[in-house]
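This short report covers a pocket and a few points along the backbone. Look over the sequence and the model before reading on.

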Amino acid sequence: MKATSPFVASAMPDNARPASPENRWLVGADGDVSVRMRPPERKANIASANKSGWLVLPAVVFLIAFFIWPLAYIVFLSFADPHPGFENYARLASSPLIGRSFAVTIKMALLATVGALLIGYPYAYLMYISSARFTAFLQLAVLIPSWLSFVVRTYALTVVLRDTGVINTALIQSGFISEPLPLIRNEFSVMVGTLAVLLPYMIFPIYAVMRRIDRDYSRAAAILGAPPARTFVRIILPLSLSGVLAGSLIVFVLALGFYLTPALLGDGRGVYVVEQVVFAVGHLEWGYGSAISMALLVFTFCVLFAASFVVRLGDVFGGKVSE
């Protein structure tokens, strides 16, 4: 039955009418029959929805108190401290140090994204082709370290990477090197620390897309004589690109705002944008620090807006894989 014009009610036999008193038969001018709920039932559904809407009130209050209000206050400070106007933004635009900090931060975020992709994609593919039990083991191997404190994991890396750490000690004792390798207090250690934290954000979006790829495609390719490498290049890789794009976007955006990793594993020169914010606030330049924060936030929004034309999050979080 399909919905038709409700203007003409039918004179249906009693045994053909619906049992529920809340519904009635309607017949259109062309004779098509439909069932329509009476207005009281629709009003009851609307009233129930209105009552359920109050359940989101605590979440709305939380967002206003801990997100919207602090963000609005930062915007206010960027224009009002120490004097009303665009002084902080003019200083920001004319500072070569801030320009260099943005360049270094973007470069590090891009390198972290590429590194996470080079490690995360093969790992996600291994999860895809493995048995259910081994896949569960691989997932736990990624998840369990993520449950530890961020600071604890970063300090653990200092134990591994320092001159007297696990790696240098093992290499010296085995005779491969005579002097410790410079594995800490440089860009390499910052990159390792960033990857250690952000790798799950690359692996799971890719795997989420891969696990929805119909395995019959691979079986059909094998029946037609395609080797595994060709099957991967022609089927798996194209169908998993949405996960690659989503994971890359997540890793890149998160890497832009990293502070603890450069502070604990870097050389202490304060070349990253977030370190510049901390430096400004430490010298009580609240307005200038807020302006730097807003510049980073605007850049992040621009990246997200540009990526929205390419990345379809529905393909990652429950949607169908594009064929």
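## The largest pocket

The lining of the largest pocket has 11 nonpolar, 3 polar and no charged residues. Here Ala, Val, Leu, Ile, Met, Phe, Trp, Tyr, Cys and Pro count as nonpolar, Asp, Glu, Lys and Arg as charged, and the others, Gly among them, as polar. The model is predicted: local features need pLDDT of at least 70, side-chain atom pairs count only at pLDDT 80 or more, and totals for chains, interfaces and linings use all residues. Residues are numbered from 1 along each chain as its sequence is written, and side-chain values use heavy atoms, with hydrogens and water left out.

The space in this largest pocket is about 300 Å³. Its lining is made of 14 residues, of which Gly257, Ser293, Leu296, Leu297 and Thr300 are the closest to the centre. Two or more lining residues come from each of H2, helix H11 (241-256), H13 and H14; H14 gives the most, with 5 residues. A pocket is an open set of points on a 1 Å grid over the protein atoms alone, where a 1.4 Å probe fits, with protein on both sides within 12 Å along at least five of seven lines; lining residues have an atom within 4 Å of a point. Grid points are joined across faces, edges and corners, and the volume is the space filled by probe spheres set on the points.

## Loops between helices

Helices are DSSP runs (H or I, at least four residues), numbered from the N terminus. Proline 82 lies in the loop between helix H2 (57-80) and helix H3 (87-94), and a cis peptide bond with omega of about 0° joins aspartate 81 to proline 82.

Leucine 284, in the loop between helix H13 (273-282) and helix H14 (286-307), has a positive phi near 60°. Leucine 284 is exposed, with a relative accessible area of 59% (exposed means over 50%, with a 1.4 Å probe and protein chains only).

Methods. Buried means under 20% relative accessible area, exposed over 50%, partly exposed in between (1.4 Å probe, protein chains only).
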